Amino acid sequence: MMKKKFGILFLAIFFVFIGSAYAELKIAVVNMQKALDECDAGKAAVEEMKKLYSAKQQEINEKQNELKRMQEEINNQSSLLSEDAKQAKLDDYQKKLKDLKRFVADSNEELKKKEQEFISKIATDLKEVVEKLGKELKYDIILEVRESGVLYNSDKVDITNLVVERYNKEWHANQNEAK
């Protein structure tokens, strides 16, 4: 009986100490995808990617138009050309078609790589901002909402907007220094 009361008393004291230790923890969450999407560097990267995509698309369109002209020329001149001349034009057409397919694949790979470079750079910079804020504001733990499996958090522990604000300030300062 005495051991049972001692055990219950020990558990009660244990939970009081554990509870007070957890009460002192300062925890925050951040949505890195939202920060990436909403920060000015992320928006600038999206605009840069649109320009790159548009330029590649224009090149592709020009090459496609050239192929269409070649196809029409082959169709229109088919009856007038010798078999050798006709075959030469078809071979040239096939070569240019193959080149276009290779160009499209290379362009897609290049654009994907450029996008990953942008994301990687900005994500690294955002993580540094999160670490600085964590130290500055004395957080014990900052969790990434999507990666950590957080199912719920109140708005008061979400520091995403603060991270975006701080990152934008640092990014704009670096942009001005670079000019």
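Reader: What pattern does the protein follow when read along the sequence?

Author: The pattern is α-β-α-α-α-β-α-α, made up of six helices and two strands. A helix here is a DSSP run of H or I with at least four residues, a strand is a run of E with at least two, and numbering starts at the N terminus. This is a predicted model, in which local features need pLDDT of at least 70 and side-chain atom pairs pLDDT 80 or more, while totals for chains, interfaces and linings use all residues. Residues are numbered from 1 along each chain as its sequence is written, and side-chain values use heavy atoms, without hydrogens and water.

Reader: Which residues does Asn168 touch, and in which helix does Asn168 lie?

Author: Asn168 lies in helix H6. Leaving out residues up to four places away in sequence, Asn168 touches Cys39, Asp40 and Ala41; contact means heavy atoms within 4.5 Å.

Reader: What makes the buried residues of H6 line one face of the helix?

Author: The buried residues are Thr160, Val163, Val164, Tyr167, Asn168 and Trp171. Seen down the axis of H6, they fall within an arc of 130 degrees, so they line one face. The arc is that of the directions from the helix axis to the C-beta atoms. An α-helix has 3.6 residues a turn, so residues three or four places apart point the same way. On the face turned away from the buried side are the exposed residues Glu165, Lys169, Asn176 and Glu177.

Reader: What do the buried residues of H6 pack against?

Author: They pack against strand E1 (27-30), helix H2 (32-38), H3 and helix H4 (83-136). With H3 (residues 40-77), H6 (residues 160-178) packs at an angle of about 60 degrees, the axes being 8 Å apart. The axes are lines fitted to C-alpha atoms, for helices over the stretch in contact, and angles run from 0 to 180 degrees between N-to-C directions. Asp40, Ala41 and Ala44 in H3 meet Tyr167, Asn168, Trp171 and His172 in H6.

Reader: Which classes do the residues of the contact of H3 with H6 divide into?

Author: Four are nonpolar, two polar and one charged. Ala, Val, Leu, Ile, Met, Phe, Trp, Tyr, Cys and Pro count as nonpolar, Asp, Glu, Lys and Arg as charged, and the others, Gly among them, as polar.

Reader: What covers the buried residues of H4?

Author: The cover includes E1, H2, H3, strand E2 (141-144) and H6. Among the buried residues of H4 are Tyr93, Leu100 and Phe103.

Reader: Where is Lys138 found, and why does Lys138 count as buried or exposed?

Author: Lys138 is found in the loop between H4 and E2. At 63% relative accessibility, Lys138 counts as exposed. Its phi is near 60 degrees, a positive value in a residue other than glycine.

How values were computed:
Buried means under 20% relative accessible area, exposed over 50%, partly exposed in between (1.4 Å probe, protein chains only).
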